[in-house]
Amino acid sequence: MSSNEDARKTLHPEAKTWLELLEKIPGKLSNIGDVDDARRNYDSLVLMDGSQVSFDGNIRELNVPVPHYKDGIMVTIYKPTNCHSNPPIWNYFHGGGFVLGNRKSVDAMCRILASQGKFIIVNVEYRLAPEFKYPANIEDAAAVVQWVSENKTAVGGSDVSIIGVGGDSAGAMTAANACHELGEENIVDFQVLVYPSVDYNKSKPSSSEIEFATGFFLEKSGRKWFFERYFSTPDDAAKASVLKRNEDSFKRQPPCLLIVCECDMLRDDGLAYAERLRQAGCHVEVLLMEKMIHGFYTNPTIFKTSCETAFKKTIQFIEAQMKKDE
């Protein structure tokens, strides 16, 4: 029996349930050629109706003006009634391989985390490929975070609210790159990166990319499909690899929580990013979700207990950063 088959047998029950559901859906999630079809399929898989999650507080949309895009960037702001008096503001970027997903994809997660964490979440609708290729998402992210840092009260915070970034998968890459872009500004106080995609310029695949290339939700063929639509040139892939940023840039990074999954092809990249942060002297914490697969964090319906564990750690980490600033 192959190590791949062994891993499938020992997966967390919630991961097994998710993969069994996927097997009943015809066609591949992201290896189907047509972007519109891929987006519809993705939405049908990962979209939970957020209105089913109770939220005591205010949810509103806002168009953030940015200098590089005349239409601005839409965000959804979640502020719970039980919010801290000087609440942290967490700018969140959804996953989806830079091609799929939207704010609604992570609405349920945002409602839960904002309510339980008693902080504000700014859920960002950054531009997607292939309509807007690299580095559009990073430009959008950096501009939104910059604006929020200068307009904390406009999103419901206070002048002393700390600012954070975060995201899952491609969204975590977007958040991490934005954090580096803003490093000299010293405006980001913390980051939470969930199974980040951080290296697109390798001489050979990592162990986790080999072991979990198929059968664990995110697959090698799907990543290739994403990259073909996101990058215009090989040079873009090299520049987007946040793992390869220079040492000075890493030294300017704020405290980081990294959440990685044991049975995810991006596992080793996430751990390598944590090590680069450590080597630069940054505070970094790692939560390794054993027997878990890519994609769980934004699906609290199927991955109920796993999300409870990860959400609890996320909230504890953000609260610790808030206390440091008091």
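Eight strands come together in an open sheet, in the order 1-2-4-3-5-6-7-8, and the pairing is mixed. Here, strands are DSSP runs of E with at least two residues, helices are runs of H or I with at least four, and both are numbered from the N terminus; two strands count as paired if DSSP finds at least two bridges between them. At the edges sit strand 1 (57-66) and strand 8 (284-289), each pairing on one side only. On average, neighbouring strands of this sheet are turned by 20° against each other, direction ignored.

The model is a predicted one, so to speak of local features takes a pLDDT of at least 70, and side-chain atom pairs count only at pLDDT 80 or more, while totals for chains, interfaces and linings use all residues. Residues are numbered from 1 along each chain as its sequence is written, and side-chain values use heavy atoms, with hydrogens and water left out.

Within the sheet, strand 5 (residues 163-168) and strand 6 (residues 190-194) run parallel and are joined by 5 bridges. Val 165, for one, has Gln 191 in strand 6 as its bridge partner. Helix 11 (residues 267-279) lies across strand 6, strand 7 (256-261) and strand 8, with contact meaning heavy atoms within 4.5 Å. This helix runs at about 160° to strand 7; axes are lines fitted to C-alpha atoms, for helices over the stretch in contact, and angles run from 0 to 180 degrees between N-to-C directions.

Between strand 4 (120-124) and helix 5 (136-150), the loop holds Pro 130, which is joined to Ala 129 by a cis peptide bond with omega of about 5°. Pro 135 is found in the loop between strand 4 and helix 5 too, and a cis peptide bond with omega of about 10° joins Tyr 134 to Pro 135. Phe 98, in the loop between strand 3 (89-93) and helix 4 (107-117), has a positive phi of about 70° although it is not a glycine.

A search of the whole structure gives 22 aromatic pairs, meaning rings of Phe, Tyr and Trp (its six-membered ring) with centres within 6.5 Å; planes under 30 degrees apart count as stacked, over 60 as edge-to-face and the rest as tilted. One of them, Tyr 297 with Phe 311, is edge-to-face, at 5.1 Å centre to centre and 80° between the planes. Tyr 297 sits in the loop between strand 8 and helix 12 (304-325) and Phe 311 in helix 12, so the pair ties together parts 14 residues apart in sequence.
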